[in-house]
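Reader: I am new to this structure and would like to go through it by question and answer. Please show it to me.

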Amino acid sequence: MKLARIFLTVAFSTLIALPAISQTTQINGAGATFPYPIYSKWFSEYGKIHPEVEVNYQSIGSGGGIRQLTAQTVFFGASDGPMNDEQLKGAPGPILHFPTVLGAVVPVYNIPGVDAKLKFNGKVLADVILGKITKWNDAALVALNPGVKLPATDIAVAHRSDGSGTTYIFVDYLSKVSPEFKEKVGVNTSVNWPVGVGGKGNEGVAGLVKQTPGAIGYVELIYALQNKIAFGSVQNADGEFITASLDSVTAAATSASKSMPADFRVSITNAPGKSAYPISSFTWMLFYENPTDKQRAKIMVDFTKWALTDGQKYCAELGYAPLPKEVVALEMEALKKIKL
Amino acid sequence: MNRTRRRKALSGFVVFLCAGSVVLALIPLFFIFGYVISKGFSSLNWDFFTKMPKPVGETGGGMANAMVGTAYLIAIAGGFAVPVGVIAGVYLSEYGKKSFGSLVRFTADVLNGVPSIVIGIFAYGLAVLPVKHFSALAGGLALGFMMVPIITRTTEELLNLVPGSLREGALALGATRARAAFSVMVPAALPGIMTGILVALARIAGETAPLLFTAFNNRYLTTSLLQPISSLPVQIYTYAISPYDDWHRQAWAGALVLVGFVFTFSVLARVVTRRLERMHRT
Amino acid sequence: MKTPSSRRRNTDDRAFRLGTGFFALLVVLLVAGIFIELYRTSHLSLAKFGFRFWTGRTWDPVSGEFGALPFIWGTLYSSMLAMLISTPIALGIAIFLSELSPRRLRTPLAFLTELLAAVPSIVYGLWGVFVLVPIVRKLQVVTPDWLKKVPLFSGPPLGVGMLSAALILAVMVIPFTSSVAREVLKAVPATQREAAYALGATRWEAIQAALRFGRTGIIGAVILGFGRAVGETMAVTMVIGNNPQISASLYAPQYSMSAVIANEFTEAADNLYLSALIEIGLVLFVITVIVNAISRLLIWSVTREVKAKAPKPATTMALAAPTGGGE
């Protein structure tokens, strides 16, 4: 009995003492799955330069990032759907948006026997998501893709089951090109999907599409590339069918970067320009303007500066487009707003 | 004559069906174990047990943080659930014949049946919201709440098995009831009580839902009570719903570790239980 | 005779009673606390929607309209299907193990069926996603077209959906129902069976006599299994398809109460949303409490006859440990 008591006391004190031994600062963040690949690369690389910093980022979806940031259970958030005015008002303090990279949302599909790159336009995509087009050999799809033998397979729509900025970008685009979609579904990180199966995170949707014959979904470009899932080209506002790539995404951002609003909340879907990819977007990191934890704030500001400069070189290999230089300059200024 | 033969045939048929249902139930068991072992074993390597997760898309890395996290969480859970459960069990066996005892017994059984996700919501409101961050403590609390009813009931039942003469002997020698209970009865029932604790620990080691929004998750190895912490079930879940084959591999390996852990405890519990039964039969 | 030492012992004993009683009280307070906390934090949703919450079919975070009917449907449908599939098998196992099996086989077989209960929910989910769902998908693909017209089997071959969820739940529930049913059958006095044999009954007829005697307990075991299925979270979340629609089709992706909480809790971006999710948790809580209470009462009514016989440790383990609320 005595021995057990001694053992328990030692074990318990060790448990309590252990945190005091480690010297690292841990910073918790949560949010979008869209930029998760580049963020996890960034945190890992930054950690090599600053080993005393551990950034624990959990990709639970943009909705989750906004929620946890508002509840202050994490230090920073990440979202591809900018916070709307109502959400900003609901936060305990002013929140600042900082674009980090540019990404693309691509329509991924899995049609057994079809290897070709399919062409989509906004209206057709909207109708598929609305459940109005139910088979792959529907007249509208065939018209867009002459020369491709589309089977009579049922279309299985895969969407996000969690609150997602990727969703936001996708429905933002669809609402711009289809008034019916805008009315029936609307724009938000979490919407009332008319049909389909829900997957958790970009990872979940990619997984669903990969495993389900006849499926169509929407994911960030890198998830399609890394998992070798077929994705199609989309017709842009100027009528060209564009495949998502670094150049086409950067093209989409050019007009926006010239007239960037002060709070960086801007949508670049369906952007004008011959080579612009229509479903492109910035993705933002969210920080409080007036953080209570000055030490962590300092680290995150330093990290953000690194990410906006040195970090951008990792974008290309992961399928993200680096930020335009004008935007980076504006952000460096804006970072000073954070009260350290 | 015909009727008897029909009745006998029916009886034989039913026996066959019952045996068949045993076989039917064992099919998924072997299916699952087979998959977990075959897919998980190949991914078990030294890295898996010692390294942290790698950035998204890179292969390699391990679940060291998740395993340490699970160990830490069940330590926290057991830390408060064991004393509460054992002492409550002592109360029930000493004074539990009245209506209050029945109430406690009833609520313990009810608590046992509450879905773990609901307990997670409770722990979230109790330990995450007020301090505004996810923590190992909140996760440990949620798991501990689930352990309490199991330990309470098994402690009570096992104390009841100890012959009353032991208690009476202690009391006759002048011990207080407290002394009699804690220095005589509990040690006598200790193997069984330990088994109950082991069973409870094995049960919560595999729980995922209550940790999703209490302990949250952590890419790094932490042992801080007040930081989010990784855990084996949550890590398996995160990897399983991802599209990366390498992460799927690791998920199976993690499942193997988890199943191995639970299996070992179940076997242990069975062995101890059988020994106890033999003891008390004589 | 009240000596100083005996008076001291009385206060010690009283302190002991109060002290241990306090810990016992903690258990009761815990359950009460869960209810209170859930009720308190869901008041926003309770106030706004009232009864409409249970009949509303739209779960729309954008417009702030929350109706939980699809989740209730999903939970009840999947659990009922699971019980339909698992109960005959579980009872078959219980009967076999308690009445029919040769002595030598009894322990290992019982151990194996209990192992089914020991497998963590997440491992079931993992197996479900990578093994069961592709099998179900193949099944869906080979379903003949004429059968596909029946509402029960309509829908694209996704693999994930109600059928996968029901199958996984069935496997998970079998060990619970069967172990409790076994205990009930063990509690049936031998005299019942002996009387039947004396009258010339076949084995099945003698078993029927035992079943009839313990029928309330058996029903309790089934209801307990149902409670377990209702509360299951992870395995269901991974295979049910996560679509809040009400559909009779086994092939359609649907949603359950616990799955929606697991998926959406960390991102419920506003207080009304969070409160709606917690209200679903409150309902889950109330359902499982009622289900557990009824089943315990039914089981107790059979086993109390045999309280004279001291409960064996195995009984305790079976009654206490595996009948968990699951996830």
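Author: A crossing of two helices is called right-handed if the near helix is turned clockwise from the far one by less than a right angle, and left-handed if anticlockwise. The model shown is a predicted one.

Reader: Is the crossing in which α3(B) passes α6(B) left-handed or right-handed?

Author: Helix α3 (residues 64-95) of chain B packs against helix α6 (residues 136-161) of chain B, with the axes 6 Å apart. The angle between them is about 30 degrees. Their contact holds 20 nonpolar, ten polar and one charged residue. The crossing of α3(B) with α6(B) is right-handed.

Reader: Which helix gives the largest share of the side of chain C that touches chain B?

Author: The contact involves 85 residues of chain B and 81 residues of chain C. On the side of chain C, 50 residues are nonpolar, 21 polar and ten charged. The largest share of that side is 18 residues, and the helix they come from is α1 (residues 4-41) of chain C.

Reader: Which residues does V239(C) touch, not counting residues up to four places away in sequence?

Author: Touching here means C-beta atoms within 7 Å. Leaving out residues up to four places away in sequence, V239(C) touches G128(C), V129(C), L132(C), V133(C), V160(C), S164(C), A165(C) and I168(C).

Terms used
Residues are numbered from 1 along each chain as its sequence is written. Chains are lettered from A and ligands numbered from 1 in the order in which they are written. This is a predicted model: local features need pLDDT of at least 70, side-chain atom pairs count only at pLDDT 80 or more; totals for chains, interfaces and linings use all residues. Axes are lines fitted to C-alpha atoms, for helices over the stretch in contact, and angles run from 0 to 180 degrees between N-to-C directions. Helices (H or I, at least four residues) and strands (E, at least two) are DSSP runs, numbered from the N terminus. Ala, Val, Leu, Ile, Met, Phe, Trp, Tyr, Cys and Pro count as nonpolar, Asp, Glu, Lys and Arg as charged, and the others, Gly among them, as polar. Two residues are in contact if their C-beta atoms, placed from the backbone, lie within 7 Å.
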